[in-house]
Amino acid sequence: MSGTTIVTGATGYLGGRLAASELLAGRRVIALVRAEDHLHLRRRRRELEERLGAIAPRLVTWAWEPEQPPALPAALTADVDRVVHAAAVTRFDVSLDEATRGNVVPTEQLLASCHELPALQRFVYLSSIHASGLSEGELPEEPIFDRPDFANHYEWSKWQGERLVIGSGLPWTIARVGTVTCDDDEGRVVQRNAFHLCLRLLHGGLLSTLPGRAEVRPSLVSGDLVVRCLARLLEQCRPGHVHHLVTPWDDGLELGELVDLIGRSLRDDALARSRAVAPPSLIDRGAWEALQLAAADLDGSVLQHATRALAPFAAQLFIDRRPRTDSLSTLPPELLGPPARELVPRTLENLWRPAASPSLERTA
């Protein structure tokens, strides 16, 4: 296979895995990375080389200040036929200013530069299932033109990014990714996010209740499923479509089932038993709001920190959203991996292990 793919966010989790996937397919990859100066760029290049190993020689790193279009020479981009925009600030507690500067502006600038790529056939934007905000009911794999309500500024920034991509005039593809619960089909966890932070609080006995409705199904997904499906989409799907990369509805877990699985896993874990950690329970919206008010008066307390960590995404746990996954239904079953009922217990077992303590990444 020939051709060149530009990847943003290659130093992050999904961007790095997608860059590796493209290199393994025999393509050249240009990684656009943030770098303060030439020395910083060399350090980031070395970091990527260590992660990629033998396939690194086909990687080109190029510094990009996201407030401006990337200044790539024409000789380097003449055969660029794919662009994958995976760079993003992914914290749910991001401020409006940071969400704008970290997500919206870079998308706008990258899109502007892509009009100068003569061979471009595909612009893939990694969005989030949370770009639908607090919308309830069935979520089709279609653009969201009417602005929904949002639980946080991160959700707004991904919705705004989708609007920019759809209006760009480029051959776009949007992939709305669910909450990545683990790296692979064995439930290993490489990078932690808000989901793992919540589990860490429960395992440590720092939190015993979770906000949410038992019948809500969180949009979970493994990193492997995202990368496998994106590789297939890059090869086969037609531009101008939205794809939901989440566990299909019938294979998903209701929040009540998830809480039960967590409780059983805690009872089976020796460290949790030694701490007398109680199985978690769900509380309704009114009880959650009361808990937040009580915690707000306890400056510096564990409860205050725990409720603040959950607050930016707690509203999502009350939303009955049903993403359609028609795109995934056309793929071979082996690409989808195990159902959530099998994957989540494996993930919990890996998370409870003392060695499973990587730092919590803040950007992707």
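These questions and answers go through a predicted model, from its sheet to its helices and a few single residues.

Local features need pLDDT of at least 70, side-chain atom pairs count only at pLDDT 80 or more, and totals for chains, interfaces and linings use all residues. Residues are numbered from 1 along each chain as its sequence is written, and side-chain values use heavy atoms, with hydrogens and water left out.

Reader: In what order do the seven strands of the open sheet stand?
Author: Strands here are DSSP runs of E with at least two residues, and helices are runs of H or I with at least four, numbered from the N terminus. Two strands pair if DSSP finds at least two bridges between them. The pairing in this open sheet is parallel, and the order is β3-β2-β1-β4-β5-β7-β11.

Reader: Which strands stand at the edges of the sheet?
Author: An edge strand here has a single partner strand, so one side of it is left without a neighbour in the sheet. The two strands in that position are β3 and β11 (241-245).

Reader: How many degrees does the twist average from one strand to the next?
Author: Angles run from 0 to 180 degrees between N-to-C directions, and axes are lines fitted to C-alpha atoms, for helices over the stretch in contact. From one strand of the sheet to the next, the average twist is 20 degrees.

Reader: Through which helix does the chain cross from β2 to β3?
Author: Strand β2 (residues 28-33) pairs with strand β3 (residues 59-63) in the parallel sense over five bridges, and V33 stands opposite A63. The β-α-β crossover between them is right-handed, meaning that, with the strands pointing away from the viewer, the path from the first strand over the helix to the second runs clockwise. The helix on this path is α2 (residues 38-52).

Reader: In β2, which residue is the bridge partner of T8?
Author: β1 and β2 pair in the parallel sense, over five bridges. The partner of T8 in β2 is L32.

Reader: Is V7 buried or exposed?
Author: V7 lies in strand β1 (residues 4-8). Contact means heavy atoms within 4.5 Å, and not counting residues up to four places away in sequence, V7 touches G15, A19, V29, I30, A31, L32 and V84. Buried means under 20% relative accessible area, exposed over 50%, and partly exposed in between (1.4 Å probe, protein chains only). With a relative accessible area of 0%, V7 is buried.

Reader: In β11, which residue is the bridge partner of R176?
Author: β7 and β11 run parallel. The partner of R176 in β11 is H244.

Reader: Which residues does T325 contact, leaving aside its neighbours within four places in sequence?
Author: T325 sits in the loop between β13 (321-323) and α12 (326-329). T325 is buried, with a relative accessible area of 14%. Its contacts are E141, H244, V246 and P248.

Reader: What is the relative accessibility of S219?
Author: S219 is placed in the loop between β9 (209-211) and β10 (220-222). Leaving aside neighbours within four places in sequence, S219 is in contact with I129, G178, T179, V246, R321 and P323. S219 counts as buried, and its relative accessibility is 10%.

Reader: At what angle do α6 and α11 pack?
Author: Helix α6 (residues 194-203) and helix α11 (residues 302-314) have axes 11 Å apart. Their contact is made by A194, L197, C198 and L201 of α6 and A306, A309, L310 and F313 of α11. The packing angle is about 150 degrees.

Reader: At what angle do α6 and α14 pack?
Author: The axes of α6 and helix α14 (residues 340-352) are 11 Å apart. Their contact is made by H196, L199 and H203 of α6 and L348, L351 and W352 of α14. The packing angle is about 65 degrees.
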